[in-house]
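Let's take a walk through this protein together, from the overall picture down to a few individual side chains. Keep the view open as you read.

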Amino acid sequence: MAIATGSCPSCGAPIEFGLGASIAKVCEFCNATVVRSDRGLENLGKVAAIAEVPSLIAVGDTCAIDGRQMEVVGRVQLDHGAGPWDEYYVAFDYGQSWGWLAYAEGHYILTTKAPGLAAPPFQSLQLEQDVQLGSTVYRVTEVKTARVASAQGEQPSADRPGATRYYADLLGPDGAYATIDYGDNTGQYEVFTGWVVAETRIQVTQGGPRSVSKIKTNMIRCPNCGGDVPKLNGERSKRLGCPYCGAVSDIALQQVVAQQEAAAQAPEIPIGAQGTLGEQPYLCIAYIRRSALFDGERFSWDEYLVFGVGVGYRWLVKDEASWMWAEPVNLADLDLAQQPARVRWGGRTFNRRNSQQARVDYVLGEVFWQVEVGETTRAADFADGKDILSREEGPGEVRWSFSHPVPWPVLAAAFQLPPDGPGGHFVGGGGGGAESGGVSRNGMVTLVVILILLAIVCAVGGTCSDTSGTGSSGVGATGAIFGGSSGYIGGK
């Protein structure tokens with residue numbers, strides 16, 4: 001039932017507000033932002049057309065998290081300059097309360113307004129700073145500004161199209177999450193608190209219209225060469241490195257953002273390969289080559305992005321001597337008191353090993369951020385034996401991850417690849433290579449090694465059990481770039 005009605009002051013079409021907290025609505029006929037006040041309905045200006053960015057939900061859908069119902073009544077589209085992303089305005093309990101729902105890095109983030117909480121000024125915030133909001137201490141993971149690019153449906157605030165918003169995102173213990181919205185940074189702010197929620201905990205009932213691009217979910221067309229690339233990760237990825245021509249493009253905007261040569265050789269884990277580690281299915285969706293300068297010489301390494309429904313994204317990293325399994329670490333769980341010399345996590349001490357600028361040199365497949373060829377981040381590694389805690393800082397944001405060695409035979413078995421294939425060949429000696437992994441040149445594996453590898457598989461499963469496929473067709477790394485299995489795990 002509408003709580004307020006009227007006519008659009010721009011085009012005269014009927015306007016209805018269904019949520020008491022809504023003070024603005026974008027007219028679905030003329031895209032004017034209509035604000036309701038004690039003077040009636042006012043036109044705040046037209047918004048740009050919505051960019052159909054990848055999204056698993058739409059305005060008009062209903063969702064449930066652990067049985068709690070919500071309706072998607074609006075969305076705002078924000079942009080840092082590299083490409084837009086969506087945040088969805090949701091109503092709980094049939095309009096009695098409201099909040100924001102967003103999707104990031106394989107998980108949903110659900111927050112609601114927390115009035116009365118004091119927050120520091122925007123200018124005083126620093127990455128990794130501890131901030132107490134009520135009874136919970138959070139840690140700053142992102143401090144940025146964004147432009148309001150567009151909007152759809154109802155809105156809880158009256159933002160003029162093109163307005164700049166200042167904000168900070170913070171992580172807390174046990175999946176807690178907070179956003180401080182500083183608006184235009186003139187002194188007023190709002191605090192929103194909530195949780196990071198696994199994708200599998202949300203049930204979506206489609207009720208809103210889908211664009212044509214979201215209906216055709218099986219292919220992505222490269223805007224550079226026109227090639228049809230199998231869509232692997234549903235409506236989750238933002239950019240594509242074309243396996244045919246090498247061009248990097250924005251998936252939503254269908255625009256080429258970088259030119260690069262076609263792949264000289266196939267990735268050692270084929271894009272599209274499915275594998276299971278620790279009873280968790282994963283799908284390999286991207287290959288990225290990165291490099292850094294050490295003592296004036298540039299060294300490169302390979303990174304494979306894998307996705308598992310319910311756990312999100314993980315990385316398989318091949319350096320010159322080994323394979324590493326990397327997963328995200330909650331910033332709030334780290335003891336940073338002795339940084340940069342060392343950090344503590346999980347009762348262990350990790351000592352600083354190196355620091356460098358890491359550069360993206362090559363991209364194939366689908367990635368979840370607006371990747372740029374040539375982009376750099378400030379990276380630092382902290383070691384405890386062969387296990388590594390890594391810190392990466394980009395403009396206005398910081399992320400941490402934990403990685404540990406995984407022998408190539410384990411990965412080969414998981415993704416049904418040859419144990420003596422290219423993935424087991426390394427530039428240097430040491431852990432994970434075909435020789436050091438216990439695999440002879442004719443591919444025979446002793447019983448002792450089999451038992452060791454089974455134990456390692458269990459260990460891999462233990463490290464990612466709290467954060468779901470089938471094997472690939474067996475196409476090896478020397479075959480096509482895309483593995484024999486098509487589609488993506490759990491996708492619609």
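Predicted model: local features only at pLDDT ≥ 70, side-chain atom pairs only at ≥ 80, totals over all residues.

Of the 492 residues in the protein, 51% are buried. The accessible surface is about 21700 Å², and carbon and sulfur atoms account for 51% of that surface.

With the overview in place, zoom in on a hairpin. Strand β20, residues 248-250, pairs with strand β21, residues 255-258, in the antiparallel sense, and three bridges join them. If you look for the bridge partner of Ser249, you will find Val256 in β21. Four residues separate β20 from β21 in this hairpin, and in the turn Gln254 has a positive phi of about 55 degrees.

Now to the aromatic side chains. Searching the whole structure turns up 19 aromatic pairs. One of them is formed by Tyr89 and Trp100, with the rings 5.7 Å apart from centre to centre and 40 degrees between the planes, a tilted arrangement. Tyr89 belongs to strand β8 (residues 84-92) and Trp100 to strand β9 (residues 97-104), so this pair ties together parts that are 11 residues apart in sequence. Tyr89 and Trp100 are both buried.

For another geometry, turn to Phe368 and Trp369. Their ring centres are 5.1 Å apart and their planes meet at 65 degrees, so this pair counts as edge-to-face, since the angle is over 60 degrees. Phe368 is buried, because its relative accessible area of 17% is under 20%. Trp369, at 22%, is partly exposed. Both residues also belong to a cluster in which ring pairs link Phe307, Tyr313, Trp315, Phe368 and Trp369.

The charged end of Arg68 sits over the ring of Phe92, 4.2 Å from its centre. Likewise, Arg36 lies over the face of Phe17, at 5.3 Å from the ring centre.

Is Asp381 buried or exposed? With a relative accessible area of 15%, Asp381 is buried. And which residues does Asp381 touch, leaving aside those up to four places away in sequence? Asp381 touches Asn351, Arg352, Arg353 and Asn354, along with Ile388, Leu389 and Ser390.

Note on methods:
Residues numbered from 1 in each chain as written. Heavy atoms only, no water. Buried < 20%, exposed > 50% of the residue type's maximum accessible area, 1.4 Å probe, protein only. Contact = heavy atoms within 4.5 Å. Pairing = 2+ DSSP bridges. Helix = DSSP H or I, 4+ residues; strand = E, 2+ residues; numbered from the N terminus. Areas by Shrake-Rupley, 256 points an atom, 1.4 Å probe, with all protein chains shown as cover. Phe/Tyr/Trp six-rings, centres within 6.5 Å; stacked < 30°, edge-to-face > 60°. Lys NZ or Arg CZ within 6 Å of the ring centre and 35° of its normal.
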